[in-house]
Each structure stands twice: as structure tokens, then as C-alpha cells.
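Thanks for making time this morning. Please have a look at the model on the screen, and then I'll take you through it.

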Amino acid sequence: AKLMMVGMLAMVAAKQFLEEGSAKRNEDLIEFSKWLRRNGVDDSKVKLRADGGHGMGNSLYARQMIKEDELLFRIPLKIAFYSDAVRRHPTLGSVIKGARIPQGMQGETFLLSLMLMYEACQVGHMETGCKLSNETSFWLPYIKILPKTFSAPIFWNEVERQELKGSQVMEMLNDDLAQARREWEMMKIVVDKHPNVFCSSCFNFERYKWAAWNIHSRALTLQGVKYLIPLADMVNYEPDDADVSRQDHQDVFMKHHQVDRTKGHAEIFADRKFVKDRMIVESYGDNANYMYLQFFGFIPDVNPTDCRHLQFSVDDLNVTQQEKQARSRLLQSRGLRTSFSSCIRLVSRLPPPLLHFLRSIHLHSHEEEQASRLQQGVVSTANEIAVYSFLKRKMRLLLSSFTESSTRDATILKGLSARETVEKH
């Protein structure tokens, strides 16, 4: 309920930053475009612009008519940040050998952040003035156009964070901070071991957050590998008409973002058509608003895939402890779950797996014969009424943790009440 207010705080912070130094950013974009062309990137289909009042930062605009699925640009991987590039880095490659690095996506973020911090230190980008060599970073034109600060909640002060109280974003913020600190402590072991490579004024927790959130908000994740690709990271978000009903978000994303390691390049394609002078945008996939706030620092005006993440359990039922235990035994005997988590969308029906779970936990312990009907859908009218009554109570309990509600939340409750009434009749 508070998420829209929280989003406004993020937008105000972002707008204030973007209004400062727009002329300098335009100069930097010109130098960035020249750097791209020197390195074999054809950016002739797009115009690079600093923020034009839309609050989205640096953006791309079509110089010509662009068709859906048309190639926007081909970018050599030699100018990208990715884990193999870190391992081949003339300085960092030997440093990370034998180092303890997180597994999976955390490891990807760790490595890219380390490289970004190192290269940014070479240019004094983060107002440190600390340089570890006499050579300017190859990535100087790119690093100069990266954001110096973020409006994501992890960068907010304590007063601003209080606006998150009662929301699941506060829980995620606490998790993000704890995770970032764990990752930084692992990186600090590497940093402290090589003082001749890592300058202390460049490598600290605040710098790590800066680098990590550049990766979180700008890098593409393709087949388990993160790629921070200059120019490709400037395509802003806007959902397309099919997002609300689409089930193949990942396939569509992979179709329009391709990396060929053999040929050594990445290719980015338009996911819709664009007329001349239209901002180049794309769908970021099946994401809830809290994810955009968490990593990007904004809440979309329109997001057909927004949802509320909820946890459900037999323990939530308004029945005796003895009945809860009996129902748990019934479910376990049939290989069914006693807890479930789901992100409930505001513009679509409840997910079938969630409905199946809710119907199963509302089977009374003496209704074992009814369990066989779960696969067919509705078990009984009484069971269906119990399901929607339970959901309404769950939503009311959730909303009671906020100091204020919203029209959309009230609409959800009205919809659940209407469904409950239908089932009764």
C-alpha cells in the first residue's frame, strides 16, 4: 500500500540528481559514442541522450523507423564486463586465483563489481583521486556515464527507510544489506591481501554497493552469466501489450538479447517497432514492482506483471492446533505441501498451483475421501468458500500492517468478497 509513496521518494531523489550537470552528461555521451565506434560498435540507429525530463537517466532514441525483431546493435564482448573477462584481466586475473568467491549469481556480481571498482579507481571516477597506475582505464568513457548514486532503498538514510515500515520491501532491504555486507567482507579479504593492487580509498563497503547496484540494475543475465554491456544497458523499461498474458517472458528476453562467445559479440534486437524519435524501450520480463524499487530505484507507472508476494501455511488457518496437526498429517500422507509461497497478480486470476494448495489445506481432517478430487479443481462449495474467506482475512491482516491503504488494495478485497459471495450462492 505504501509502495507508491515510497516510489515517489525514489523518483524525487533521482530527478534532483538528473537535473544537475545535464550539459556535462551530454558531453560525456558524445565521447562515449565516439568510444563505441572506435571499438567497432555501430550505434547509427539510435541517438544517445541525457535525461529529457522523463526521470530515466541516459536514454536511447530511434534515428529512423525500427521494425520489431530488427537488430539494434552488435557489441563486441571485448568492451563488456563479464566473469571470463575478469579472469583474463591483466591485473585481476592473478589476484582472484585461489580466492574465495561466492557461487552462482552472487559470484557473478562479485567478480563484475570487483572489476568495475578497479577500473573506476583508475580514473578517479568516485571522487577519490586515487590512481593505481599511470594508464587511464580503457573503460573511461563508459565509466563516466554510469550513475554516481542510486535511488534504490539500500542507499536511503534511516529516516527515508522508515517509509518502508510494514512492507515486504523493508524485509528485502534488510536482506540486501546483510547480503551486500557478506559479499563485501569476502571481497575485503582479497583487497587486504593485495594492497599494491587495491587502493583503500576506492575499495570499501560504500564503493562496493555502488558497483554491485550498477551490476544489479544494468547487467544482462544470459544462461547463468552476467554481462555488463555498454550501450545495451541504456535501454529503458516499458512493458509491451502482451506482458499481461505472456507465459514465455524468459524466451522472449533471450530472443532479443543474444551472446555469441565464439564470435565474440552480443546482439540486441528490438522487442517492438519504433517510429523515428521514439525512445527505445523494452520489457524487463515478469517482475513485481518491489523488484524495480529494490534494484532500479523506481516504480513503473504501468506494470501488468506486478504482484504481491505472500506466504501461506497450514499454521495460518483459524482452527485448533490439533486440527492443524491432523490436516498436516493428511496432506503429508498424500505427498502434498503444508506451506506455499506465491506472488499474486492484481490483474489476473489466482495461480492454479496456489488454488490447489489452498483447497488442500482447507480439507477437514475427516474429509480424506475428498482429497482425490483436488486434481479436478473445485472440491466442494464449502471448501471454495473457506478458501476465499481465508484469502480475504490474509489480505486484511497484511494491509493492517500499513498506516494507509490504496485504491488497488481495496479493489482486491472487494474482488475476494465478490468471489466469496458467488460461491455461497
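First, the ground rules. This is a predicted model, so to speak: local features need pLDDT of at least 70, side-chain atom pairs count only at pLDDT 80 or more, and totals for chains, interfaces and linings use all residues. Residues are numbered from 1 along each chain as its sequence is written, and side-chain values use heavy atoms, with hydrogens and water left out.

Confidence next. pLDDT is the predictor's confidence in each residue, from 0 to 100. The chain averages 82, and 80% of the residues score at least 70. Residues 12-20 fall below 50. Beyond near neighbours in sequence, that stretch has 11 contacts in the model, a contact being heavy atoms within 4.5 Å. Residues 125-129 also stay under 50, with 16 contacts beyond four places in sequence.

Now the cysteines. How many disulfides does a search of the whole structure find? It finds 1, where a disulfide is a pair of cysteine sulfur atoms within 2.5 Å. C121 is joined to C202, S to S 2.1 Å. The torsion about the S-S bond is about 85 degrees, so the disulfide is right-handed. C121 sits in helix α5, residues 104-122, and C202 in the loop between α8 (168-193) and α9 (205-218), so the pair ties together parts 81 residues apart in sequence. Helices (H or I, at least four residues) and strands (E, at least two) are DSSP runs, numbered from the N terminus. Both C121 and C202 are buried. Buried means under 20% relative accessible area, exposed over 50%, partly exposed in between, with a 1.4 Å probe and protein chains only.

On to strand β10, residues 307-313. Of its 7 residues, 5 are buried, so β10 is largely enclosed by the rest of the structure. β10 pairs with β11, residues 339-345, in the antiparallel sense over 7 bridges; pairing takes at least two DSSP bridges. L310 stands opposite S342 in β11.

One histidine. H265 lies in strand β8, residues 265-269. Is H265 buried or exposed? At 14% relative accessibility, H265 counts as buried. Leaving aside neighbours within four places in sequence, its contacts include R74, P76 and D260.

Which residues make the contact between α8 and α11? Q168, V169, M172 and D176 of α8 meet Y290, L293 and Q294 of α11.

That's my tour. Questions, please.
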